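This report describes how the parts of a two-chain model are arranged and where they touch. Please keep the structure at hand while reading.

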Amino acid sequence: MIELDKITGNVIEKLQGAGADKAHCTASTSVTREFNVDGGQFSLMRTLFDNSLSLTGITEGKKGSVGINRFDDAAVDQAVADCMASAVSAEPDSAWDLAPDGEVHSFTQGVLTADVDRLFDRTAELLEQIGKKYPKIMVEQMIVSHVRSHSVYRNTNGACYTKDAGYYNVDLMFSAHEGQAASSFFGTGVITDNLDRPFMELGSIEKDLADVEKQIHTKTVGEKFTGVMLLPPGCLGSFLGDIADNFASDGPVLEGTSIWKDKLGEQVADPKITVSFAPGDPQVVCGQSYTAEGFLAQDFDFIQEGKLSSFLVGLYVSNKTGVPRAKNAGGSMVMRPGDRSVEEIIASIDKGILVGRFSGGQPSTNGDFSGVAKNSFLIENGKITHAVSETMISGNLADMLQNVEAISRERVADGYSVLPYAAFNGITVSGK
Amino acid sequence: MLKDILTKRKGDFAPGVHTELRAQVNKTRGVSFLSGSLTTNVRSQVSGVSARVYKNGVYGFSSTAEYDDDAVAAVLSAATDNAVFMDKRAGKKSSPLPDVAKGQTLREISDNDPVQKDYIDFAGALDAYIEKSCPGLTGRGVSIRADSMEKLLCVSQGHDAHVILPRCYVYLRLTADTPAGVPVELFVPVGGMGTFDTIFSDPALLYPKVDELYEKLMQKREGIYPSAGEKTCIISGELTGMLAHEAVGHTVEADLVLGGSVAAHNLGKMVASPLVTMVDYAHTCLGTPTPLPVYVDDEGTPARDAVLIQDGMLTGYMNSRQTAQHFGMEPTGNARAYLFSDEPLIRMRNTAIVPGSSKLEDMIASVEDGYYFIDTNNGQADTTGEFMFGVCMGYEIKNGKLGRALLDTTISGVAFEMLKTVDMVGDTISWSSSGFCGKKQPMPVGLGGPAIRCKITVGGR
């Protein structure tokens, strides 16, 4: 067993000896066991043994960072020298800092020992079930793995966090085929800490397979219209991620380009919207335990009943701008459910589109977005009528949040996040 | 430089199976200034050794971050065990992989490693120039990223190799508000293959790039949204390269063909105008080196060009040894891995539409009412060939003349339909190579092409 505790202690000492007045480092080891399926057939088994050592030194406000994957003395000494040479070359900036009060904690999460045979069996079972229940589905690629990691974090303010974690991961990419007709590809997946249930029952895997089978034959939407966009949990997560990046993350807050820069505590969304970043949620698997600056990760509300409750900035941008720092580094998104079923929401939509996947670029700084609605269905008079192709959707992220039609009471927990369906009005939909 | 401790292990390779041993070092150096603040100042290096063993149609793989005799023995043993497990549980009784030419490939070009101060000073000088000479900006970014891959490869059959591929880019980003207060942004990468010190000698040499970007941004902030709908357009070589890579290239990667891509049903059929020829170049294009040359892949196959579309007809796929055997084609040397801990996957190298004979000015003059789309900031495509590209710079064309600049828009279509509308192909190829292709692993790739005239769906607003 590599003594990461000792390694991190040595690294901090060496950084201080080389002139760092503040420093932090993380050392970790991991073992990954993985099966790959390509074109519907098993293709590869991998076993990966990896190391990681990241170190940061700050001297007189000047910061440098280095990452390597070796622990031997020569590699560590070189990394410390490179780190401090980088720091000395930097511009001084008093905003670089660490969590002030160091604590000592140990964390254990998930399943630490891989059951490789059972992992193979669950994977084979999923392939077999797909073949029987969804025969038009072609599994382009499936990657299932167990990752076991052991890590130690230390900083010069006395923080020492030891973490042992293990989880199973399933990633599935597929499309549906009938003769030469084919759907768009679609990706789904879960992270889980047990193999108790068939993979088909986890996250939204079965629902996604069933939906894609209905997307082989498509039509365009005809005339351009403005209507409701219903987002399933996976696609909703992508949109919420774009909203967080565009309006609340380090870059736009530091540059002052965020349109929400003066909106902390103010209404930026419909009161039905409450979104949190909650690594401590019981349905999140192996969530973050601490931040790189040495703070213990805590759950926090990003938007609470429509009000901007926190930006998503780290300590550096907080110190630069005066905006309070976020209580974790993001991820593990959890959204409060609504009070209507998905079925009721669809029944209430006169004209709209259910967007399974959005293929578009990074939205503009002001939140304007446009792109192609993939894996999507037209909704007319309260019913899903047909799958669509070559259909563009456009709107504005900030406006979307103010035009919430409904949020579902059903939520999907895939281990990464816990999200409902959500319907937004005012979206422009146009065909070819 | 990696010391060769692999060749002597050839005697340990199991008989009757194909074995690859690969030692690798990936280095990255990064610096970013965000509106004057140095927000990124980082160096990283990851290294290790991996083994992959092919047995009866399935593979076993293992890697470790160490690099010594014990580590090599350990990954060989674990990869063999994994191949045996897979053969027992899911073996396909396939034939052995096809043989390729034997030999050795050595491309040990310079891998200089400048100190971090050189990157910081260079980026800082550019940032200071932008601040001084570009009034009215609301944001600016200057980043430098250098990365390199050194690989030492030893295979049971094929080419052993020692290759290094360094590249370095400066990324410039400028942001301003339109008169209506809407932020607009432009971005340009500058650089290519080589180390920082061999590509960038003086920041002042990039000031004209800053000036050009600023001028375009000032035009864009006064720009208009294009009208939505299908239009006759000229798309630049940069966009043609994106089309070649995203909308066509991925569909003709043989593993994605096996996964059901649109190319599965189109081999030997006309999928484009007869003016269109498309090639995934290995290392040389039209007599000059490609942006990111590949001489041998990570299965030990000497790399050769993969002709994908010839005069409008789909003629081939990009193959690994295993898929070449499946399709009865020749391996093209497309199996590449990003890190020591990654297995080779079928990846593009330098994918381009081949230039034709038209002059850009004649192409623009031929359009009565359309657009000239120049720069892209993103692109996505489907295995059906349906694509969507973000366009961040362009102009309207009215009566054969360039008009007002355009605000951000999107273009979209279905590749094998849109390529049939191509009726003019420019005579000059433009390459870009600053990004990563994503497909389980990232991978540096080159993409290129000439300007083309075609009908394409414009997103408008």
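## Basis of the description

This is a predicted model, in which local features need pLDDT of at least 70 and side-chain atom pairs count only at pLDDT 80 or more, whereas totals for chains, interfaces and linings use all residues. Residues are numbered from 1 along each chain as its sequence is written, while chains are lettered from A and ligands numbered from 1 in the order in which they are written.

## Contact between the chains

In this model, 59 residues of chain A are in contact with 62 residues of chain B, where contact requires C-beta atoms, placed from the backbone, to lie within 7 Å. The side of chain A that touches chain B divides into 16 nonpolar, 29 polar and 14 charged residues; here Ala, Val, Leu, Ile, Met, Phe, Trp, Tyr, Cys and Pro count as nonpolar, Asp, Glu, Lys and Arg as charged, and the others, Gly among them, as polar. Strand 2 (residues 41–59) of chain A gives the most to this side, with 10 residues. Strand 2 of chain A also runs parallel to strand 3 (residues 58–64) of chain B, the two being joined by 6 bridges. Strands (E, at least two residues) and helices (H or I, at least four) are DSSP runs numbered from the N terminus, and two strands pair if DSSP finds at least two bridges between them.

Helices of the two chains meet as well: the axes of helix 2 (residues 73–89) of chain A and helix 2 (residues 116–133) of chain B come within 8 Å and cross at roughly 25 degrees. Axes are lines fitted to C-alpha atoms, for helices over the stretch in contact, with angles running from 0 to 180 degrees between N-to-C directions. The crossing angle makes helix 2 of chain A roughly parallel to helix 2 of chain B, a term used for angles under 35 degrees. A85(A), S86(A) and S89(A) on one helix and Q116(B), K117(B) and I120(B) on the other make the contact, and these residues divide into 2 nonpolar, 3 polar and 1 charged.

## Domains within each chain

Chain A is divided into domain 1 (4–213) and domain 2 (217–432), with bounds that come from an automatic or database domain assignment. The C-alpha centres of these two domains lie 25 Å apart, and their contact takes 31 residues from domain 1 and 23 residues from domain 2 of chain A. Strand 8 of chain A gives the most to the domain 1 side, with 6 residues.

Chain B is divided into domain 1 (7–221) and domain 2 (229–458), whose centres, taken over C-alpha atoms, are separated by 21 Å. Here the contact takes 41 residues from domain 1 and 26 residues from domain 2 of chain B, and the domain 1 side has 19 nonpolar, 13 polar and 9 charged residues.

## A sheet in chain B

Chain B contains an open sheet of 6 strands in the order 13-12-9-16-25-22, with mixed pairing. Its edge strands, each pairing on one side only, are strand 13 (313–314) and strand 22 (430–432) of chain B. Strand 9 (residues 278–281) and strand 12 (residues 306–310) of chain B pair in the antiparallel sense over 3 bridges, and V279(B) stands opposite V307(B) in strand 12 of chain B.

Conventions
Parallel < 35°, antiparallel > 145°, perpendicular 65-115°, else oblique.
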